[in-house]
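Keep the 3D view open as you read.

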Amino acid sequence: MPVLLILLLGIIDFGMGLRAYVNVSHAAREAARYAAVGNSAGTFTGGGVGECDGATTTTAVGKACAALDGLGLENVQDVSVTYPNGQAPGNSVRVSVDYDYHYITPVRSFVNLFTGGSLDDSIPMSSTVDMRLE
């Protein structure tokens, strides 16, 4: 029974974790596309809960935060928009999104009970997208 329970909870958390990863990738692409067509980069202020809450959707950072809204914005660690070679057309914009996925089931507790604490509290997810400026 414990093995079946761990398997079932693991499947649920794997599905939700995969959903979170897809959303993080989508948010990075959305923000990169928005910045690539000449819109403002914006800034992400770290260090608090829900830092994306005050972001406006008129910046690339705001677009990324809006795309992550269904995941829980308090787990967004960083959204950065950089222009490695300047902002001239033909150069690139790089958007990086960092997010911490927290387990939604007690699978971590069950696994740590049998393995002696091998799973962390959260799984860090990140996505980086480079896009050519138009």
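Of the chain's 134 residues, 36% are buried, meaning under 20% relative accessible area with a 1.4 Å probe, protein chains only. This is a predicted model, in which local features need pLDDT of at least 70, side-chain atom pairs count only at pLDDT 80 or more, and totals for chains, interfaces and linings use all residues. Residues are numbered from 1 along each chain as its sequence is written, and side-chain values use heavy atoms, with hydrogens and water left out.

There are 3 helices and 3 strands, arranged along the sequence as α-α-β-β-α-β. Helices (H or I, at least four residues) and strands (E, at least two) are DSSP runs, numbered from the N terminus. The C-alpha atoms fill a box of roughly 60 × 25 × 20 Å along the principal axes.

Now for the helix pair. Helix 1 and helix 3 pack at an angle of about 135°, their axes 9 Å apart; axes are lines fitted to C-alpha atoms over the stretch in contact, and angles run from 0 to 180 degrees between N-to-C directions. That makes helix 1 oblique to helix 3, since angles under 35 degrees count as roughly parallel, over 145 as roughly antiparallel, 65 to 115 as roughly perpendicular and the rest as oblique.

The residues in contact (heavy atoms within 4.5 Å) are these:

| Helix | Range | Contact residues |
|---|---|---|
| Helix 1 | residues 2-36 | P2, L5, I6, L9, G10 and D13 |
| Helix 3 | residues 107-115 | V107, F110, V111 and F114 |

How values were computed:
Buried means under 20% relative accessible area, exposed over 50%, partly exposed in between (1.4 Å probe, protein chains only).
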